[in-house]
Amino acid sequence: GEDEDGAEILGRLHPVNPNRLKIDSPQDEMRLQAVAVTVSLTVALAYYVYVPLPHAIQEPWKLMLLDATFRTTRHLVRREMLWLETAGLSKCQNLLLFLIVSAGKRRSSGGVVPGVKVSDITFAGVPVRVYEPPAGGEGHLRRGLMFFHGGGWALGSGKKGAYDIVNRMLSDELNTVVVSVEYRLYPEVQFPAPYLDCLAAAKHFLSPEVLASYAIDPERVAVSGDSAGGNLAAAVAQEISVDDTVRVKFSVQALIYPVLQALDFNTPSFLDNQNIPVLYRTLMVRFWLQYLGLDLSLQPDVLANNHSSLDHSNITRELRARLDWTLLLPPRHKKGHKKVIVEKGSEGTATEVPGLLDVRASPLLAGPEVLAKCPRAYILTCEYDVLRDDGLMYVRRLQDAGVTVTNDHYEDGYHGAFSFIVWPFDFELGQRVVRGYFNWLKNNL
């Protein structure tokens, strides 16, 4: 009844003497405080880890934990370890973040793929790691593949984690000589240095003498990369295709969720997936600003598309049409979005930073005459990736230019899945993505 006090109600609801709720000693008080702290920390941790994810994404808590680890590492490096700037902050950041992105417990080479020969050498002065398969002897030509790792032109190494494991597996399973390129990274260099490293290594690899030394069939050589590495692979493939001094061309290009343009950060996928781990919209813009040598304070302007406003006369109508998602995307991916067009934006940005319009940085801006000469393409895209529309637009533009393209689209996919194949962040999606990549190369290279 209304006259019952709290102790009587509690006593009826639970057969415990309500007097026990009294704190009779300092030890009891300490225990209660410990419980309160534990509960508070648990709630705070859950709040920090939790990220709303689409229902289609499998193993959501594992992805949340990976993302939380990634975010924690970023915050530690940027905010709490600023003193490392004078002692090599970039190297520390590179190491810590790549350990997360690689998701990986490192395994011994012999335990992963016995028999694959690994050599760390240089191609035209650029460090590379060469994987030679055990299969195929004298008189048997092998496939060749050059791989550029991802990491926003700032992070990572093809020698570590998932990249190393995938390249060993590919070399063994497909009897392929794989060359993983260790191009230079931000902040030591900016555009176009990473591209020039990759191009130099590619030209060296494609020389008839080098191909012959590795017993590679010159008609079966691929270029591949994921994310920023996909950007480099697409740009290098374009340049090699139109360079008459290069006699051997790439047979195919395999691009894994590539980043392909820096003029429109308001495509449907950039907006719909802006908070989906592990590549947030703001992080992708930051990578671009770093790569192109722009001040990071310009991020809000770039997010608003002020850097590509209509008053930039050097961004011609023809250039804009080459990345007009309203014309290039399939109807289901437009999702009722409207194109963000800014009449007057940041003064001088496009003029002062020509990299914004350079096809070596933004392969999606290449003309149809260049695209028509490009090799057959495999383009992997993920539904829940900010870069989804970059890849889909490139699919359409290559097809319009007469290039045969396979678009391997993962409806439950998200950025980084290609690297999430090793403990403790081994995802079923990652296994499917890698296997699909292998299967296409097996049938097309």
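Is Val 39 buried, partly exposed or exposed, and what is its relative accessible area? In this predicted model, in which local features need pLDDT of at least 70, side-chain atom pairs count only at pLDDT 80 or more, and totals for chains, interfaces and linings use all residues, Val 39 is partly exposed, with a relative accessible area of 48% (buried means under 20%, exposed over 50%, and partly exposed in between, with a 1.4 Å probe and protein chains only). Residues are numbered from 1 along each chain as its sequence is written, and side-chain values use heavy atoms, with hydrogens and water left out.

Val 39 belongs to helix H2, which spans residues 26-49 (helices are DSSP runs of H or I of at least four residues, numbered from the N terminus). Together with Val 35 and Val 43, Val 39 forms a nonpolar surface patch with about 260 Å² of accessible area.

Arg 71, by contrast, is buried at a relative accessible area of 13%, and is placed in helix H3, residues 60-80. With residues up to four places away in sequence left aside, Arg 71 touches Tyr 48, Val 49, Val 51 and Tyr 280 (a contact means heavy atoms within 4.5 Å).

Cys 374 is buried with a relative accessible area of 7%, and Cys 382 is likewise buried, with a value of 0%.

The average pLDDT of the protein, the predictor's confidence in each residue from 0 to 100, is 87, and 83% of the residues score at least 70. Over residues 9-13, however, the pLDDT is below 50, and this stretch has four contacts beyond near neighbours in sequence.

Technical notes. Helix = DSSP H or I, 4+ residues; strand = E, 2+ residues; numbered from the N terminus. Patch = residues over 30% accessible without salt bridge, like charges linked within 9 Å, V, L, I, M, F, W, Y side chains within 5 Å. Areas by Shrake-Rupley, 256 points an atom, 1.4 Å probe, with all protein chains shown as cover. Salt bridge = Lys/Arg side-chain N within 4 Å of Asp/Glu carboxyl O.
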